[in-house]
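Grab a pencil and open the viewer.

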Amino acid sequence: MMTKDAYMALYEKYVAGQCTADEIRLLETYRDAFELTDTPWDEAAMGNQTQVRHRIRKRLFHQITSRRIRWYNYAAAAVLLIGITVFIGLNIRQELANSTLAMQESIQPGSNKALLTLEDGTQVELDQADGAQLAGHGSGAIRKLDDGLLVYGDPSRAETNPSANQTHTIRTPRGGQFKIELADGTTAWLNADSYIRFPLEFNSNERLVEVSGEVFFDVEKQADKPFVVRCDGQTIHVLGTSFVVTSYPDEKEQQTALLEGKVRVSIEAQNYQLSPGQRTVFDKHQKQVRKEPFDPEEAIAWKAGYFLFNAEPVESVMRKIARWYDIEVSYQGNMHDKQFSGSMSRFDQIQDVLNLLALTGTVNFKIDGRRVIVME
């Protein structure tokens with residue numbers, strides 16, 4: 001049987017595209033020999049053994065081959081796979097059989113839902129509203145084209161419509177996401193527990209919006225009218241570009257990550273020019289800003305429908321999971337220096353997500369209603 005070190009060396013060689021045909025066959029043979037063995041299977045607590053084994057293998061191998069993850073994420077996934085048999089043999093009966101992950105009422109993932117608040121305070125639940133309901137607000141300036149997509153603007157009325165100066169707010173709850181096309185053609189994707197405040201029409205000399213939470217922007221270029229984003233003391237000036245703003249009140253850091261174009265970020269009376277692949281990270285406690293490179297895939301993984309963690313602390317991982325599944329999280333034991341790397345779908349049931357994380361042996365989980373307890 002291949003040793004752990006030999007497997008890791010061969011897998012890294014495979015990722016680098018340096019394996020011979022014989023080495024690839026050896027790697028695939030070893031992978032196909034993966035089994036859940038060495039301990040009696042408690043079907044009542046763990047589910048059908050064949051189905052669980054198939055689901056884990058399919059998801060793990062799909063994820064490490066379908067994402068553009070850096071080599072050390074592949075290596076982390078390889079370590080995870082190697083450790084699964086040992087972990088199951090030593091711990092799965094003790095940990096999973098004693099947990100309630102497989103026994104609890106299902107906690108569903110988030111979906112396309114948001115609340116629209118009009119200038120007069122009227123509120124509309126966008127996931128339930130149809131086109132006819134929205135046509136009565138803003139004199140026809142709002143159209144719901146698809147599930148999870150709201151479109152603003154009617155250029156023919158921009159100068160004469162008295163409602164054009166009104167301001168609307170769209171807020172996603174925990175467990176929600178939504179996409180909006182603003183009157184200028186700019187699109188904004190809102191992650192869970194986020195909001196954007198904007199005018200029905202951009203009639204001033206700048207296109208100003210206010211956000212909180214996490215929002216991806218694809219800005220329509222207008223050279224004579226810059227697009228400006230304000231969020232919790234930070235101001236971002238752009239002409240036409242795509243970027244992500246992350247500014248949650250419960251996070252100690254505020255980020256602006258640029259994917260295309262150029263932006264100027266103003267924080268604490270200082271300006272920072274960003275090029276694609278750069279981000280600003282503002283430590284709200286230390287009042288310090290750093291400019292650094294980032295992984296674009298990691299920044300927009302949520303928009304593409306999956307979680308992507310790169311040596312991320314347990315608490316940070318669980319805050320993201322909590323927002324998307326609308327759960328509360330508590331901790332038992334010391335979480336210091338405990339991290340996760342890897343990717344998984346945001347549309348799996350939470351039991352599957354937590355079971356995958358537990359298989360790393362880093363922490364264990366227990367579900368109590370809508371509370372997840374993370375245990376050392």
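## Charged pairs and cores

**Exercise 1.** Is arginine 174 buried, partly exposed or exposed?

*Solution.* Keep in mind that this is a predicted model.
- Step 1: the relative accessibility of arginine 174 is 26%.
- Step 2: buried means under 20% and exposed means over 50%, so arginine 174 counts as partly exposed.

**Exercise 2.** Find the salt-bridge partner of arginine 174, and work out which parts of the chain the pair ties together.

*Solution.* 
- Step 1: look at aspartate 326, which forms a salt bridge with arginine 174; their closest N and O atoms are 3.3 Å apart.
- Step 2: Aspartate 326 sits in the loop between α9 (314–325) and β20 (328–332), and arginine 174 in the loop between β6 (167–172) and β7 (176–181), so the pair ties together parts that are 152 residues apart in sequence.
- Step 3: check the partner's surface. Aspartate 326 has 36% relative accessibility and counts as partly exposed.

**Exercise 3.** Which strands hold glutamate 253 and arginine 290?

*Solution.* 
- Step 1: confirm the contact. The side chains of glutamate 253 and arginine 290 form a salt bridge, at 3.3 Å from N to O.
- Step 2: glutamate 253 belongs to strand β14 (residues 253–260) and arginine 290 to strand β18 (residues 288–293), so this pair links parts 37 residues apart in sequence.
- Step 3: glutamate 253 is partly exposed at 21%, and arginine 290 is partly exposed at 37%.

**Exercise 4.** Lysine 320 pairs with glutamate 312. Is glutamate 312 buried or exposed?

*Solution.* 
- Step 1: the closest N and O atoms of this salt bridge are 3.0 Å apart.
- Step 2: glutamate 312 has 7% relative accessibility, so it counts as buried.
- Step 3: lysine 320, at 32%, counts as partly exposed.

**Exercise 5.** How many salt bridges does the structure hold, and which residues are linked in a network?

*Solution.* 
- Step 1: the total is 11 salt bridges.
- Step 2: the network links Asp250, Glu251, Arg319 and Arg323.

**Exercise 6.** Which residues touch the most other members of the largest nonpolar core?

*Solution.* 
- Step 1: that core has 39 residues, and the ones to pick are Ile170, Ile196, Val209, Phe217 and Phe243.
- Step 2: strand β10 (residues 207–218) supplies the largest share of this core, 4 residues.
- Step 3: zoom in on valine 209. Among the residues it touches are Leu182, Ile196, Phe217 and Val229.
- Step 4: now find the second, separate core, which has 25 residues, including Phe307 and Leu357.

Methods
Residues are numbered from 1 along each chain as its sequence is written. This is a predicted model: local features need pLDDT of at least 70, side-chain atom pairs count only at pLDDT 80 or more; totals for chains, interfaces and linings use all residues. Side-chain values use heavy atoms; hydrogens and water are left out. A salt bridge is a side-chain nitrogen of Lys or Arg within 4 Å of a carboxyl oxygen of Asp or Glu. Helices (H or I, at least four residues) and strands (E, at least two) are DSSP runs, numbered from the N terminus. Buried means under 20% relative accessible area, exposed over 50%, partly exposed in between (1.4 Å probe, protein chains only). A nonpolar core is a set of buried Ala, Val, Leu, Ile, Met, Phe, Trp, Tyr and Cys residues joined through side-chain atoms within 4.5 Å. Contact means heavy atoms within 4.5 Å. Lists of a residue's contacts leave out its neighbours within four places in sequence.
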